[in-house]
Structures are given as C-alpha cells and as structure tokens.
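Visitor: I've never looked at this structure before. Could you show me how to read it, one feature at a time?

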Amino acid sequence: MARFRVGSAVALGVSVAMLLAACGGGSDKPGASTAAPTGDGTEPVTLTWWHNGNNDPLLSYWQGVADAYHAENPNVTIEIEAIQNEDLRTRLQVALQSNDPPDVLPQWGGGEQADQVKADKLMDLTDLIPDAISSLGGAVGGWTTDGAVYGVPYSLGVGGFWYNKAMFAEAGIDQTPATWEEFFAAIDALKAIGVAPIAVGAGDGWPAGWWYYFTAVKSCSPETLQAATSSLDFSDPCFIKAGELLKEVIDAKPFNEGFLATPAQQGATSSAGLLANGQAAMELMGHWDPAVMNGLTEDNLGLGADLGWFAFPDIPGTDGVPGAIIGGGDGFSCAKGAPAVCADFLAFIVNETNQNAFGATGAGLPTLPAAAASVADPNMAALLEVRNNSPYVQLYLDTAFGTNIGTALNDAVVNMFAGQATPQDIVDAMVAAAKTV
Amino acid sequence: MSGVAGAGSQRDAGAVIDPTDAAPVLTQGTADRALARSAVSRRAGRRGPSDWRKRLEIAVLVAPALVLFLIFVVWPIVQAARYSLFRWNGLEPMTNFIGLDNYKEVLGDTVFRNALGHNFTIVVLSLLIQLPLGLGIALLLNRKMRGRTVLRLIIFVPYVIAEVIAAVVWLLLLQPRGPLDAMLEAFHLTGIRQLWLAEPKIVLYTMFGVLTWKYLGFAIILFLAGLQSVPIELSEAAALDGASWWQTQRRITIPLLGPTIRIWAFLSMIGSLQLFDMVWVMTHGGPGRSTETMVTYMISVGFDRNRLGYGTAVAIVLFAISLGMALLYQRFILRRDNIEADSGRKR
C-alpha cells in the first residue's frame, strides 16, 4: 500500500523517465568489487534509482539530490526513474524477480522488507554506513530485519485526522475530539449541519484498513502487536476488540455517500478531494494528505488555512498505551548486487543538509532529529511533535504483517465497511492468510 | 454481448473454431470455392511423387510461426502448470512443493466461487438481454430508411472506443451526484437514483449495463452482416404469399441468421468469462468483492498478495473452464453449422 502518494493524485499512471545528463557510458554497471565504497575512486559507476516522487516538489528535489551527489563524486552517474506509486510497486515486484533490479529502490520496511531479505535481494547496510544509521536513532526500527538494517528511512510520518476547521467551528466543535465519546459527539454535530463527517476511500482498500490499524493500536498492547508481527499469531482478544471498536464507528454511519467505491486520491470525488473541496469534514490519512489535497483543488492550495490535524483519540478500558499511534515512512534500500557506492549514496540522502532541504519541501517529515526545525508548516510541526512524543509508533499493519496478510486484512475490513463481515471474520482472514505465507 | 476484449478474444475464438466455419456465413461463395480448392489439392498431394517437397515447403512455412507459438504460448502454459504446484511468493526460490493444494484452495474459496458466479451471470444476462436487443436493432436497421448509415455508425461507435477509456468515462458519469444522477433528476426520476458503483447489490448490474452499451454495437454489426446473406428472394416470395413483415422476420430471416447468432453467442461467452478491463478500471472487483471476476481475482491474489503459485493455479482453472465451455459449445451447438459447412465443401 502506498505510503507516499503525492504522485497518484494527478496522473493515470504516467511515469516519467528522466535521464541524468552526464558523460555517456550507458547503463553498464561495474561489479560491486570494482567501485570504491566512498565514491572517490575514478572508476565510472552508474546507479539506477527508482522513486515514486513523480510530481513536484519531490521530482525536482530528488533530481537536485542526484545532481549534488554527482557534483561531489563526478565518477558516479545516477539514472533516475520517477514512477507513479502504484505502478512503481508493480514494476518493482517484477524487477526484484529479475536479475536486473534498480540499484536504489524504495523501501517501506516491515514484512515486505523481511520477504525481500529472505529472498536475498537486499544489501545489508549495517556495517557499511554505521554513522548514518545511528544518526537516525529509533527511526530505523521499521527498516531492521533480524537485527540488520536493510533500508534508510528519509521520512517517517504518522497518521491522524486531517479536518476542516471552518466546518468544525460551524458545527460548534470548539476542541478537537480527544476521547472516544467526544469523537462520536463530533460526528453527530457534523451530521447536524448536513455535511459528511468523515471521508474514507474504501474503494482503494487500504484507507479502510487504516481504521482497523488505529483501533488495533488503541486496543492492543505494544507487546502484543510486536509479537504478532513476527509470530503472525492473532489469537489475542484485542484483535477482536479492534474490530468491535471499528464497528461502532461504522454503525454511526459517518462516512461520505458511496464510500465503498471512493478512491483515496484520484480526482475531486476521492476522499482527499472531498475534504479539499469542502464536501467532507475530516479524513483519517497520512502526513502526505495536504500535498495530495493541494493538487485536487483548482487553486492548488487545498483547504489552506482551514486545514487542521488531530491525533486519533485514545480509547479507555483497552490494552493500548495512551498516545500510541500508527505510522510509517519512506526509505530506500540498495539491491544486493548494486555497486558499493550505493550505500554511501543512501547516507548522503539522509545527511543533515539534505534532510533539512527535504523538510523544507513540506513533502514529508525528516527522520533525522537534527532536521526537525526545518519543518515550517504548523500542521506538519504538530504532527512531528506527536510522533516524537508518542510512546509507541506501530508500523502500518499491512506493511508490518507483509503484503499477503496485509491485503487480506484490508479486504476483510472493506467487507466490514460494506456490512458483510464481523470482527471475527477480520481475524479469521488474517489467520487464513498467515497459513499461506 | 459482453467483453469480447478487442481483437484478442476474437483471435482466441479463432484458434478454437476453425475460421472456415464462420466464413460461409459471411462470404459464402468465395469461401466455398477456396475450401473446395484446398480440399482437392490436399487429396491430390497425399501420395504424389512430389510429396516430400510439399512437406518441406509446409515445414519451412510453418516452422517460424510454430516456434513462436511454442515459445510464447505452449511453454508459458507448461511453466504455469508447474508454478501452480508450489507455494511461491515470487521472490524466493521455488522450493515449497505442495502438490494440488492450490487447486483445492481455489475451488474451495468462496471469493473465487462468487467470482465464477459473476462471470456466469454476465454470460446469461448477455444472452437474455443483448441477443434480443441486438437482433431487434439489427432487423430495424436492415430496413430501408432515411439516415440508416448514420444510425449504424452511431450504434457502432462505443465498440470502437478502447475499453479502458469507455470505463473511465462511465466511472466519471456514475459518481454519486454525478452527471447521470443529474440527468435523472432533470427528468424527475430521482426515485431510481442509486449508488451505481458503491452499492454491492447493484454494481454488477451497473457493470452489465455499461458492457451492453459497449458491445451491443458489435452484435448488431455482426447480425447486419449476416442479414446481407439472407436472399431477398425468400422474403419477396413470402410477401407475395401474404406474409407480414413480422412473420417474414420470424419464419425466414432469423432462422437463416442462426449460424451468425451462434457465433456471436460463442464470442460473447468467451468474452464474458475473460471479463477484466472494464471491471478493473471501474471497481477493481469491489466494493466488497461484489464485481470480482475470475481474472480480477487472479490478479488480486497473484500480484496484490504476491501469491504467484496460487495465482497461476487460478489461471489454470480459468483456462480449463474456458476451454471446457468452448469445446462443449463446439460439440453441441456449433456442430450443426460445421456439418452444413462440410456438406457445402463436398458439393
């Protein structure tokens, strides 16, 4: 499932291939042994790099990073291919099965990374760039498999509610809901002024799944979730409880008309589009949502100053720790056979200069603690504060449990949204999928 | 008719039906002559002195196509059959041999069974609705009237539009409070307004409606072509005997159109079983799997969940079902046309 989805807002899968202008030499890759690890050798090296920033600001930002690296290491040529997110995931899957995957590839960590490590597709970065890894602190946790780091996260965001301040004010909601009761009271108040309280892109599957991830992180203890991630044992009653909590929300009927067919990001009738165009009051979404919304309004400003953010409310009487939250991020990995300079390039991406520049683009939340101040947007700063103060950030469950179980989970949650699945059905779907891993 | 997915499906159909079976319907004379010639030369060449030369000639001419066919069609099928016996996520080496477990799971999975049910619903609805509708319009358009060519053109336009584009257009039209709803409102028909793509109970029928819009033109053009081969003398004679227009159609034209109708039904059936593009673009098999077809199911388990072994098992099952249906149809329904064509050859 997509984490960083700015791109998909605009195009029906237009992928832009950009060739970095540089001295020729084609795409021949010298073997890993011939390239100097720091890139200061004279051996010409070409790195192929796939990323999903196929729209600005990220498209030009990544190009700038590649140019800067090439300026410092003239022997290293970086060939970028910027691909729309969903297309990229499909192509990456195929490329990893082939003998010629991109050298630098997007990595969302968790179970997907574990599968790739198990299949021996990724470069172990632990001893290659120890300084860069330690500078990121706990953020690399999601990119660690069996104690070794295989990916470098450059952005780590958390999910929460993006909302329309003007609508909340109109409905007489002075303070954003901090408890489960206040949350339902807000839904009623918003219904009373005749707007759809919540937009959800259940047509894409994962945005519905997100609701379950949040009720699960509120109902399950961190230990239970962590154990489930490796054992794939979902017998703890808190997984049923999570479904029951979600059912309470669904039974309150807060969602936009036709939400079962609503996409998350494509067009004005997507969930992000509904929020951006004043058709719905809030949406449970990731940190990328403002960027998506901007692209879905005519003035490219989204909701502008009316946009606010608040965290998913805590639910008393459950095993979850207060303040626990669902998050995830974007990183890059090096393919197993990539030139050794690849690891150095990943370290370059997350150095302080680049992380500050990344924070300034507003397209994500820099992982490097030293770059926190670069985030100027007040909503993003609030989100960053919640992330940094949270006692427990659980990786998106579909990523954490791996594609197979994750998709089965999302499908089952969509069925619950459609009124066709019970909390037990959701757990059963995960258990059944776990048997086929 | 639904989902004859462009030239692809027609090619598939052609591979199953001997194209000469269909030919007499459309261009009786020339096809018959060509058949007669080839039949004669085949017989003459069988034990002739130039036998080996003929064989060499055939070998040289057929080899390139045959090699391509083996590499790109037969070999992948063999490989797929092999993959389907493994539990394999596409990344790791394929080592976990599980025999026929994937097949057991496919056939036992309610989602797959429902998908199969959706495919058959489309097959049956196509025959029940598109056939009478297409036939009726074809008969009307076969009459002499002003603007006939323009009408024929208009009715054929949806078929020419690429399936994905048609799907995107309808996706936009069918949004809640979208253009279609606005039109219904303008006609004071708000009562029949629906969540066309979001209500699991009706979305399959929405899909069928769009498929009908898209493929009715193909049925009509096929029927019109068939109608041209119905001798005008027969209806003239019937008219002299005092038959009404309606009687003529029912007793003469439609029976003579039989072979064309049977071919159309065959293409429609195969297309419905392989239905994919339209569904994928408009609903992705949703909401809540209510429009899942066998092919969307195959894609979602194979690529969304990375269960490549299981996905290929689904593909093999789909292949077996399509092949089985095609053979049954050949055996029991198209046989009559085949026999007629054969007797035509001997004449």
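Predicted model: local features only at pLDDT ≥ 70, side-chain atom pairs only at ≥ 80, totals over all residues.

Visitor: In what order do the four strands of the open sheet in chain A sit?

Guide: In general, strands of a sheet pair through backbone hydrogen bonds, either parallel or antiparallel. Here, strands are DSSP runs (E, at least two residues), helices are runs of H or I with at least four, and both are numbered from the N terminus. Two strands pair if DSSP finds at least two bridges between them. In chain A the order is E9-E10-E8-E11, with mixed pairing. Strands E9 (196-199) and E11 (307-310) of chain A are at the edges with a single partner strand each, so one side of each has no neighbour in the sheet.

Visitor: How many bridges join E9(A) to E10(A)?

Guide: Three, and E9(A) runs parallel to strand E10 (residues 280-285) of chain A. One pair to look for is Ala196(A) with its bridge partner in E10(A), Ala280(A).

Visitor: Now a helix. Which residues of H6(A) are buried?

Guide: "Buried" means 20 or more other C-beta atoms within 10 Å of the residue's own; 12 or fewer is exposed, in between is partly exposed, and C-beta atoms are placed from the backbone. In H6(A), the buried ones are Phe183(A), Ala186(A), Ile187(A) and Leu190(A). They cover an arc of only 100° around the axis (taken from the directions from the helix axis to the C-beta atoms), which puts them on the same side of H6(A). On the other side, Glu181(A), Asp188(A) and Ala192(A) are exposed.

Visitor: What do the buried residues of H6(A) pack against?

Guide: Helix H5 (165-170), E9 and E10, also of chain A. Just after H6(A), look for Gly194(A), with a positive phi of about 80°.

Visitor: And how many residues of chain A are in contact with chain B?

Guide: Contact means C-beta atoms, placed from the backbone, within 7 Å. By that rule, 26 residues of chain A touch 20 of chain B. H16(A) gives the most to chain A's side, with six residues.

Definitions and conventions. Residues numbered from 1 in each chain as written. Chains lettered and ligands numbered in written order. Contact = placed C-beta atoms within 7 Å.
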